[in-house]
Amino acid sequence: MIYNEYGKTGKKVSAIGFGGMRFRKEDYEKSLYEAAKVAVRANELGVNYFDTAPFYCDDKSEAVMGEAFKYMKNPFYVSTKSGISSEKDSSAVRKRIDGSLKRLGIEKINFFHMWCILNLEQYRQVMAPGGPYEGALKAKEEGLIEHIVFSTHCNGDEIETIVNEGYFEGITLGYNATNFAFRQKGIKAAHKMGLGVVTMNPLGGGIIPQNPNFYSFIKENEQDTLVQAALKFNASHKEITVTLAGMGSIEEVEENVKAGENIGEMTEEKLIRFSTKINSSLDALCTGCQYCLGCPKDIEIPKFMDAYNMYILSNKNEEISNRLKWHWGMDTKKAAECISCGICEKKCTQHLPIIERLRQVANIE
Ligand code: SF4
Ligand code: SF4
């Protein structure tokens with residue numbers, strides 16, 4: 001396992017981190033230990049960064065992690081969180097920290113997240129006098145937490161503003177082979193300011209392993225599985241400290257941990273090559289913006305175009321009908337009612353050939 005310096009904290013953390021949001025229900029319903037074995041195995045194989053949160057896995061994740069810590073033989077670091085939607089002020093954060101410490105069975109949380117900051121307005125709420133950050137700072141002074149960090153879905157400019165204000169030692173954000181072109185600015189700004197950078201959602205919510213043909217371009221090593229390639233894609237960035245992978249079974253742990261052994265290096269040249277691939281494909285994807293609504297034949301265009309996205313990613317017609325049937329509860333027939341009036345195409349923000357796509361959908365057997 002490769003280890004990286006987490007920002008300026010002096011801590012060396014494993015390049016692949018354990019995401020505690022995928023413990024299996026059947027395991028933790030049987031016993032905490034049954035689920036905890038997965039995290040213990042990760043620690044045996046060199047993982048030392050363990051991320052959890054209240055509410056994950058029916059609110060069991062912290063307790064499962066606490067059970068796992070009892071059996072870990074190697075050193076480990078713990079990350080957990082409090083969110084502005086449930087902990088709105090400093091005393092609520094303190095209560096949350098006390099609860100987390102108890103469930104985790106530890107005396108100190110190493111990385112405590114101000115969780116899921118969506119925009120600058122929320123950031124200001126977190127930082128307001130008497131607000132959540134103040135609660136975290138007091139807990140830090142008392143030795144209950146070590147480093148205050150944040151997780152976010154903000155865009156690059158907003159992240160730059162937050163990190164430049166200098167209150168946080170690390171950041172956790174979604175990053176993967178699908179969205180990297182839009183997320184570069186954020187990770188670069190955080191790295192430049194000396195923050196630890198943890199990435200989550202490296203598999204793009206499953207879309208990467210579900211579309212092996214489309215994402216084969218990220219596979220640099222034949223022996224790697226696509227999951228390993230996706231983890232290496234993140235981990236090979238010099239700006240990224242930890243790539244979090246959600247793990248629910250020993251098999252997943254063993255597959256994921258291998259990605260941390262031989263990571264390689266992400267170069268600007270590779271990024272440009274990948275960006276070209278992703279950008280041209282993303283241009284053809286419907287974004288779900290709904291500007292095309294108002295079809296005179298009442299065709300639900302965004303739903304049909306969403307299903308067509310699955311075709312773009314897989315090159316299989318059956319993915320369109322599967323998506324319509326199982327996700328939207330529709331069939332392909334309605335697409336045949338299009339009268340080619342062109343109203344929708346004039347409004348489409350992506351300039352998509354909606355009429356042609358509907359024709360293709362209507363022709364699926
Ligand atoms: S072109 Fe077809 S889908 Fe688009 S608005 Fe006209 S009838 Fe509806
Ligand atoms: S306007 Fe274009 S991109 Fe937006 S939902 Fe409609 S088809 Fe999709």
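In the predicted model, the charged end of Lys81 is placed over the ring of Trp115, 5.7 Å from the ring centre; a charge sits over a ring if NZ of Lys or CZ of Arg is within 6 Å of the ring centre and within 35 degrees of the ring normal. The model is a predicted one, in which local features need pLDDT of at least 70 and side-chain atom pairs count only at pLDDT 80 or more, whereas totals for chains, interfaces and linings use all residues. Residues are numbered from 1 along each chain as its sequence is written, chains are lettered from A and ligands numbered from 1 in the order in which they are written, and side-chain values use heavy atoms, with hydrogens and water left out.

The structure holds 22 aromatic pairs, a pair being rings of Phe, Tyr and Trp (its six-membered ring) with centres within 6.5 Å, counted as stacked if the planes are under 30 degrees apart, edge-to-face if over 60 and tilted for the rest. Tyr77 and Phe111 form an edge-to-face pair, with 6.3 Å from centre to centre and 80 degrees between the planes. This pair links distant parts of the chain, 34 residues apart, with Tyr77 in strand 5 (residues 77–83) and Phe111 in strand 6 (residues 109–117); helices (H or I, at least four residues) and strands (E, at least two) are DSSP runs, numbered from the N terminus. Phe111 counts as buried, at 0% relative accessibility, where buried means under 20% relative accessible area, exposed over 50% and partly exposed in between (1.4 Å probe, protein chains only).

The pair of Tyr175 and Phe233 is stacked, because the ring centres are 6.4 Å apart and the planes lie at 25 degrees. Tyr175 lies in the loop between strand 8 (170–174) and helix 9 (180–192) and Phe233 in helix 11 (residues 226–235), so the pair ties together parts 58 residues apart in sequence. Tyr175 is buried at 0% relative accessibility, and Phe233 is buried with a relative accessible area of 3%. Ring pairs join Tyr175 and Phe233 with Phe180, Phe214, Tyr215, Phe217 and Phe274 in a cluster.

Backbone phi values were also examined. Most residues other than glycine have a negative phi. Cys57, in helix 3 (residues 56–59), has a positive phi near 50 degrees and is buried, with a relative accessible area of 11%. Cys116, which lies in strand 6, has a positive phi of about 55 degrees and is partly exposed, with a relative accessible area of 28%.
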